[in-house]
Amino acid sequence: MKNLFVLLTVVSVLAGCATAPDNSAALQARKDTIAAVSKVEIFYNGDDELVVIDAGGSGMAGMGGLFGPIGQLMAIGADAASKLSVAERAEARSKEFTAAVKGGTSPRTLNQQFAEKLATHIQATGREVKITPIPRAKGELAIAFPEVAVTPGYTALLVRITTGYGAVDALSSYRPTIVIEQSLKNVERRNVYFDIYKADIGEPNYMMYGTLLEQHVAAHEGLRQGLVAVADPVSRRMFAAKN
C-alpha cells in the first residue's frame, strides 16, 4: 500500500464533522428523519483485514478509509526518512497477523459477528433489519456509496469496520483498537447521519509483536469481544427506541 501517511489535522477535521453541533432546525430535522426509519439494511465490509501498527500510533482513527485499513489507524510518529519503513512493517505484520487468525473455529468473520450484533440492537428499537456484506468502502463514508442494490423499502446504513492492534511508540504495548464508522443514507443516497466510534480497549495487550503473533488466538478473541461490546453504544448513538 502506498500513501499511507496523511496529516493528523485531517482526521481532526473529520472527527469534528462527526461531532460538531447542529443548529436546532437541522438537528430536529435529522432526528425526525432517523425516527421515521422503520427498516434498515446494514452494508458492512465482510472480510476481516486486521491491522498491526507500531511506532506510528493509532491516532489516525477516523480517516474514513481513505488509505485502507492500515491508513485508518496510522498516525504521524516518525520523520520523513523513516515513514516508509513504518508503513512497510505495518503492512507486512498486518498481512501476517490476518493470515494467522484465518481458518479459526468460527466460519463467521469478526465483521459479520459485529454486524449481526448491531442488527440485534437496532431490532430492539422496533425496526426491521437485514445485513449485507460488501467489499470495504473507499473514500469518505459520508460521501461514498458503493454500487449496491438496497432492498426496496429499506434505509441503507453503511458501516465500515477497522480492527487491529496498535502500539503508540516503541516502548508501548500492542493494544486492541476498534473504529466503527457509520453513515445513514436517504433514498437519494445522501448522508443523513455520520459518526465515528473509536474504542480503545486495554486488554489483551502484548509488549512484543512476536508474542502477539504467537498468541494470535487469544488476540483474535479479544478483538471479537471488543466488537461485540461496542455494538450497543454504536447503535444507541444513532437509534433511540421508537415511541
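1. A term to settle before we start: contact, or packing, here means heavy atoms within 4.5 Å. Please keep in mind as you read that this is a predicted model.

2. H5 itself covers residues 110–123, which makes 14 residues. From the first C-alpha to the last it reaches 20 Å, close to the 20 Å expected at 1.5 Å a residue. Which of its residues are buried? They are Leu110, Asn111, Gln113, Phe114, Ala115, Leu118, Ala119 and Ile122.

3. The pairing of H5 with H7 deserves a point of its own. Two packed helices are described by the angle between their axes and the distance between the axes. For H5 and H7 the angle is about 25°, and the axes are 8 Å apart. Angles under 35 degrees count as roughly parallel, and H5 and H7 are therefore roughly parallel to each other. On the H5 side the contact is made by Leu110, Gln113, Phe114, Lys117, Leu118, His121 and Ile122. H7 contributes His220, Leu223, Arg224, Leu227, Val228, Val230, Ala231, Asp232, Val234 and Ser235. As for handedness, H5 passes H7 in a right-handed crossing.

4. Next, the charged pairs. Side chains of opposite charge can pair when their charged atoms come close. How many salt bridges are there? The count comes to 6, and three of them are taken up here and in the next point. Glutamate 116 is one partner in a salt bridge with arginine 108, where the closest N and O atoms are 2.5 Å apart. Glutamate 116 is partly exposed, at a relative accessible area of 25%, and arginine 108 is partly exposed too, at 35%.

5. H7 holds two further pairs. Arginine 224 bridges to glutamate 221, with 2.8 Å between the closest N and O atoms. Both residues lie in helix H7, 3 residues apart, about one turn of the helix. Arginine 224 is partly exposed at 27%, and glutamate 221 is partly exposed at 28% relative accessibility. In the other pair, the side chains of arginine 236 and aspartate 232 meet at 3.2 Å, N to O. Why are arginine 236 and aspartate 232 separated by about one helical turn? Because they are 4 residues apart in helix H7. An α-helix has 3.6 residues a turn, so residues three or four places apart point the same way. Arginine 236 counts as exposed at 54% relative accessibility, whereas aspartate 232 is partly exposed at 27%.

6. Do have a look at glycine 164 in strand E4. Is it buried or exposed? Glycine 164 counts as buried because its relative accessibility is 0%, and buried means under 20%. Leaving aside neighbours within four places in sequence, glycine 164 is in contact with Val51, Arg175, Pro176, Thr177 and Leu223. Its C-alpha atom is 8.9 Å from that of histidine 220, a residue 56 places away along the chain.

7. Arginine 175, one of the contacts of glycine 164, belongs to strand E5. Arginine 175 is partly exposed, with a relative accessible area of 38%. Not counting residues up to four places away in sequence, arginine 175 touches Gly164, Tyr165, Gly166, Ile201, Gly202, Pro204 and Asn205. Arginine 175 and methionine 207 are 32 residues apart in sequence, and their C-alpha atoms are 9.0 Å apart in space.

8. Finally, two backbone details to check by eye. The peptide bond from glutamate 203 to proline 204 is cis, with omega near -5°. Proline 204 sits in the loop between strand E6 (191–200) and helix H6 (209–214), and is among the residues touched by arginine 175. The other detail is arginine 189, where phi is near 65°, a positive value in a residue other than glycine. Arginine 189 lies in the loop between E5 and E6 and counts as partly exposed at 32% relative accessibility.

Conventions
Residues are numbered from 1 along each chain as its sequence is written. This is a predicted model: local features need pLDDT of at least 70, side-chain atom pairs count only at pLDDT 80 or more; totals for chains, interfaces and linings use all residues. Side-chain values use heavy atoms; hydrogens and water are left out. Helices (H or I, at least four residues) and strands (E, at least two) are DSSP runs, numbered from the N terminus. The expected span of a helix is 1.5 Å times one less than its number of residues. Buried means under 20% relative accessible area, exposed over 50%, partly exposed in between (1.4 Å probe, protein chains only). A salt bridge is a side-chain nitrogen of Lys or Arg within 4 Å of a carboxyl oxygen of Asp or Glu. Axes are lines fitted to C-alpha atoms, for helices over the stretch in contact, and angles run from 0 to 180 degrees between N-to-C directions. Angles under 35 degrees count as roughly parallel, over 145 as roughly antiparallel, 65 to 115 as roughly perpendicular and the rest as oblique. A crossing is left-handed if the near helix is turned anticlockwise from the far one by less than a right angle, and right-handed if clockwise.
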